[in-house]
Amino acid sequence: MNRMNIEGKVALVTGAGHVKGIGYAIAHELLRKNAKCVALLDINDLPGHEARDELRKQFSKAVILYIHCDVSSKSSLEGAFEKVKSHFGCIDIVCNNAAVPNETDWESTVNVNLIGTIRGTYLALDHMGVSRGGGGGVVINTSSCLGIITRPYSPVYGATKHGIVAFTRSIADNNTFKKNKVRVSAICPAKMDRPMRNVGSTMIPDFEELRKYADSLSSTPKSHITDTVVKLIENTEYNGTICVVLPDDPMKIIEPQTLTLV
Ligand SMILES: NC(=O)C1=CN([C@@H]2O[C@H](COP(=O)(O)OP(=O)(O)OC[C@H]3O[C@@H](n4cnc5c(N)ncnc54)[C@H](O)[C@@H]3O)[C@@H](O)[C@H]2O)C=CC1
Ligand SMILES: CCCCC/C=C\C=C\C(=O)C/C=C\C/C=C\CCCC(=O)O
């Protein structure tokens, strides 16, 4: 197997501004694998600064930045990529992880989850693509098991997560990405040991029903997610790979649907 070494690499992780979140866990794991520089992007600055300070305490040799960034804003996301590039000189790994589960203000859910991930992936190509002076790299997009199956409680959230899976598969197959030596894959976590932030009835009308359903499910440990992310980054054979992360199976690869078009 050809390997990409995480040691010495520069990474950018969106939605990483909370010590209990998945983005933070990914950033932590990249630092544990000796990434040289990690930028945490988020809109919530106070917990974001706490997350940065906690990582600085644990990984004193690495350079760790917190950057205020709204992934649903073109200028904000472009500015954050520029900042990381000018500060660290290059970008090698991009994790598009920020999301909201808001079925009430559903347009914001599309803007953050789907448009933010698509823009983050294209910006990764601009900054890492070999035809654009970059050194190649890897993009990991966070979808969800709701990007594979559907449930009635979360139609827009689920649509954005299905969109991330479709976009990730298609773009990985695209010659622009292949020629630029940028790989892109997605993780689809099942229910985690901790719900997303601020999730509740103001965001999800059928929240009590969802809660009952969620309570009936086992939780997936965060270490499953970080192990899978590391494998997708390190093993260069993974491209366009969609992995569901389940409590009893951390890396269940989902093959695309087949349908012969005539
Ligand atoms: N917690 C769970 O059960 C599961 C979560 N996921 C996915 O994992 C990812 C991380 O979720 P969690 O860590 O669990 O939740 P979280 O709510 O702690 O993390 C999301 C982060 O994104 C940030 N964010 C929200 N809007 C933003 C914006 N416009 N720009 C920049 N940052 C923004 C939030 O401030 C937060 O820090 C999300 O993509 C989520 O959809 C997938 C499956 C299960
Ligand atoms: C609007 C969508 C559901 C939002 C619930 C919060 C986080 C869920 C993130 C997912 O990606 C969904 C994962 C599994 C679906 C099953 C149950 C939802 C878990 C709800 C909870 O833990 O509070």
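User: Which ligand 2 atom is 2.6 Å from an N or O atom in the side chain of S144?
Analyst: An oxygen atom of ligand 2 is the one at that distance from the S144 side chain. Please note that this is a predicted model.

User: How many residues are around ligand 2, and which come nearest?
Analyst: There are 16 residues around ligand 2, and the nearest are S144, S154, Y157, P195 and R211. By class, this shell holds 12 nonpolar, two polar and two charged residues.

User: Which helix gives the most to the shell around ligand 2?
Analyst: Helix 7, which covers residues 207–215, gives the most, with four residues.

User: Changing topic to ligand 1: which residues are closest there?
Analyst: Ligand 1 is surrounded by 26 residues, and I22, D42, D70, N97 and Y157 are the closest. The shell divides into 14 nonpolar, seven polar and five charged residues.

User: What does Y157 do with ligand 1 in terms of distance?
Analyst: A polar side-chain atom of Y157 lies 2.6 Å from an oxygen atom of ligand 1. Y157 is also among the residues that come nearest to ligand 2.

User: Which backbone atoms come into it, for C69 and M192?
Analyst: In C69, a backbone N or O atom lies 3.3 Å from a nitrogen atom of ligand 1. In M192, a backbone N or O atom lies 3.1 Å from an oxygen atom of ligand 1. The protein covers 94% of the 820 Å² of accessible area that ligand 1 has on its own.

User: Now helix 4: where does it bend?
Analyst: Helix 4 bends by about 35° at I115.

User: And what span should its 23 residues have?
Analyst: Helix 4 runs over residues 106–128, and at 1.5 Å a residue it should span 33 Å. Its end C-alpha atoms are 32 Å apart, which agrees with that expectation.

User: Last topic: what are the confidence scores for the chain and the model?
Analyst: The protein chain averages a pLDDT of 97, and 100% of the residues score at least 70. The model scores ipTM 0.95 and pTM 0.97.

User: Which elements have the lowest and highest mean pLDDT?
Analyst: Helix 6, residues 175–179, has the lowest mean at 92, whereas strand 4, residues 93–96, has the highest at 99.

Conventions
Residues numbered from 1 in each chain as written. Chains lettered and ligands numbered in written order. Predicted model: local features only at pLDDT ≥ 70, side-chain atom pairs only at ≥ 80, totals over all residues. Heavy atoms only, no water. Near = heavy atom within 4 Å. Polar contact = N/O pair within 3.5 Å; in protein donor to acceptor, adjacent residues only side chain to side chain. Areas by Shrake-Rupley, 256 points an atom, 1.4 Å probe, with all protein chains shown as cover. Nonpolar A, V, L, I, M, F, W, Y, C, P; charged D, E, K, R; others polar. Helix = DSSP H or I, 4+ residues; strand = E, 2+ residues; numbered from the N terminus. Expected span 1.5 Å × (residues − 1). Bend = angle between axes of the 7 residues up to and from the residue. pLDDT = per-residue confidence, 0-100.
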